[in-house]
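Here's a quick briefing to read with the model open in your viewer.

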Amino acid sequence: MDNIAKILSDAGLENPAVAEYVAHWAGITEPAAIEVISAKDDDRLIAEGLATGEIAPAGDGLYYSRSYYKDTARSEERTVVATHNPQEAGIYNNWHDATEVTARQLESMKGASRSKTMYVVPYLMAPPKSPLEKWARGVELTDNLTVVLHMIRMARVGVEHLNNLENPAEFVRAVHVTGDLKNLGQGTDKDKRLFATVADERTILHFGSSYGGNALLGKIAHGLRQASYDGWASGEFLSEQFMLIGIKDKLKDHTYYVCGGFPSASGKTNLAMMLAPDALGDRYEVYFYGDDIVWLHVGEDGKIYGMNPEYGAFGVAKDTNWKSNPTAMDAIKEGSKTLFTNVAYNPETQELWWEGKTPDYPEDVTGWRDWKGEKISDRPADRQRCEAKGDEWAHPNSRFTTSLANVPNVAPDYEEPQGVPIDAIIFGGRVKDREPLIRAITDLAEGVYDGLTLGAQATFAAEGKEGVLRYDPMSMRPFMSYPEGDYATHWLKLIGSAKEQPIFAHVNWFQRDPEDGHFRWPGYRDNLRALLWLLDVKEGRAEGVQTPVGILPKKEELNLDGFEGDDADLDKLLSIDTDLWKKEMGYRREHLAQFKNLPEQIWAAHERIEQAFNA
Ligand code: GDP
Ligand code: PGA
Ligand code: MN
Ligand code: MN
């Protein structure tokens, strides 16, 4: 213990509660060494990773890592929230008893870091001096160097965040142990992995993965699961899987702030990095504030503020290219110190490639290896370009990890401690039919209802069947930490207490033509057109058409300057398919009926919509 306190103090970390915590877990996992990390250690750690081959060079100032092939996505089945109160079991939080879960994790973690280094990573999930700072401090203990490199990019990492605290013990204890990845029985009935947030002890115990979504505990487990629990338990804030952007109207010199939830791999990062369409660029500019997590609270002026607790972006590589997302391409360019995971790599040329980076596969397959490390040239000739699912060069959930400062459209005030005042909250997911391009919702209960009934086709960011429609309340299904009825109550109360109500909307960039499957909406940069209309509704500049599920744009109200989409497709996107919606209302009733203590206002919203369809 004395020894550990000295290691920490030599590294400038002077917090007795952290020393005690590190000593406790080092006693369990038995690492060979303990090292305290600050962001300034990045270059040295990169050099160490390159020397051991844990990461590989990918051109000037870019790095590549591969995760074990059975460890490429978040595992929702293996993720639990544990507390001491069984009443806190919801439908989606996968509630477990805290004592049992802790005992199990202790067993798995016992001696599991032998011969490895335990990195002590003190971090802050907020801009410094944020009003929510006390909820944002944490220390991740991890035995994985690549995880540390990710943490440095995704969170504010440094000893200063844990020193001189009023209450030194007030931080999230986040323990990550990689485990013997080849012997964990991933996906079998003897799966040894378990990713647990012991929410009422503010302790996170993750065992059995090195993939970012399971192992970056500041981001996923603290930033979302723990924080949403803390926000509810304290009544102070909401934590949601949201993106956050500013839309500046240069003519009026006014910036609007829009945040919103889309399930993983449904377009948050792309929306946050969006450039205005060329024809609209003279007038509008989009600013990046956040692409995956927003903490919402009521500011001193009584307005709702949204704040991004993260410091970087962990983006889906697939289909990222100079046309779809030039901002991302710029953010991950040479010199940015971006870390790529599970894309295809050519060790001879240090090039990287993923499906959709260029219209076609690299011409010459010499040297190229797929995300599993297998040589493309070893494949039969007809499989050298992937024709079928499962044969991709890059894993569909391959990622880039880069700091916010690299994002060219990052807002100049992205570190504003309290965040920015929110004008609009949107929800959306991948839905191939039924959901129109956008429907505006002006009533708070109907907005919260819309979030609770968010449905989307499942994606590759989590293990499981791709393409099946499932409900994903507020896009928080994988991160839900307390019961859904209480969740709705907390939302109604917190947003309802604000002096100015944000407008809500549901958007869908993913409707398809059933004939040939093409997307009816061109998406990406054109998404701004839908959001501009929403702000027009909020400001009383557009009236739209009232439907049972909200206000839809009249075509002439959309700014279509330079729009190259199809007119007939647009007509479809701006209409309601009543038959599909009536069926959907039945499913929604069943979905909501699962939730205990669902507030009466939510049921009333459901009834109102159902009656409007039947009128
Ligand atoms: P996130 O995981 O929610 O942040 O989603 P991303 O922004 O990373 O996008 C996930 C995938 O959806 C990527 O392959 C994107 O290319 C694709 N995508 C994002 N926005 C759009 C859009 O507006 N239209 C279409 N068709 N695809 C999109
Ligand atoms: P995503 O973030 O939402 O951008 O996919 C990572 C995740 O949720 O796993
Ligand atoms: Mn996410
Ligand atoms: Mn994203």
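This is a predicted model: local features need pLDDT of at least 70, side-chain atom pairs count only at pLDDT 80 or more; totals for chains, interfaces and linings use all residues.

Residues are numbered from 1 along each chain as its sequence is written, chains are lettered from A and ligands numbered from 1 in the order in which they are written, and side-chain values use heavy atoms, with hydrogens and water left out.

**Metal site**

- Q241 (through OE1) and D292 (through OD) coordinate the manganese ion (ligand 3), at 2.0 to 2.1 Å.
- Donors here are N, O and S atoms within 2.8 Å of the metal (3.2 Å for Na, K and Ca), and sites may look incomplete because water is not among the atoms.
- Q241 sits in the loop between β12 (237–240) and β13 (242–249), and D292 in the loop between β15 (284–290) and β16 (294–298), so the pair ties together parts that are 51 residues apart in sequence.
- Helices (H or I, at least four residues) and strands (E, at least two) are DSSP runs, numbered from the N terminus.
- Both Q241 and D292 are buried; buried means under 20% relative accessible area, exposed over 50%, and partly exposed in between (1.4 Å probe, protein chains only).
- The manganese ion (ligand 3) is 5.5 Å from the manganese ion (ligand 4).

**Second largest pocket**

- The second largest pocket has a volume of about 570 Å³, that is, the space filled by probe spheres set on grid points joined across faces, edges and corners.
- A pocket is an open set of points on a 1 Å grid over the protein atoms alone, where a 1.4 Å probe fits, with protein on both sides within 12 Å along at least five of seven lines; lining residues have an atom within 4 Å of a point.
- Its lining counts 27 residues, with E54, R66, N144, T146 and S210 nearest the centre.
- α3 (42–52), β6 (117–124) and α5 (145–154) are the elements that give two or more residues to this lining.
- By residue class, the lining splits into seven nonpolar, 13 polar and seven charged (Ala, Val, Leu, Ile, Met, Phe, Trp, Tyr, Cys and Pro are nonpolar; Asp, Glu, Lys and Arg are charged; the others, Gly among them, are polar).

**A five-stranded sheet**

- Five strands make an open, mixed sheet in the order β2-β3-β19-β22-β18, where two strands pair if DSSP finds at least two bridges between them.
- The edge strands, β2 (56–57) and β18 (312–316), each pair on one side only.
- β3 (residues 63–65) runs parallel to β19 (residues 339–341), with three bridges joining them; Y63 has L339 as its bridge partner.
- L339 also partners T401 of β22, in an antiparallel pairing of β19 and β22 held by three bridges.
- β18 and β22 are antiparallel too, joined by five bridges, one of which pairs A313 with T402.
- Five of the five residues of β22 (residues 399–403) are buried, so this strand is largely enclosed by the rest of the structure.
- R399, T401 and S403 point one way from β22, while F400 and T402 point the other way.

**Positive phi**

- R202, not a glycine, has a positive phi of about 50°; R202 lies in the loop between β10 (194–198) and β11 (203–207) and is buried at 13% relative accessible area.
- N597 has a positive phi near 55°, sits in the loop between α14 (578–593) and α15 (600–614), and is exposed at 55%.

**Cysteines**

- The disulfide count is zero, taking a disulfide as a pair of cysteine sulfur atoms within 2.5 Å.
- C259 is buried at 0% relative accessible area, and C386 is buried at 15%.
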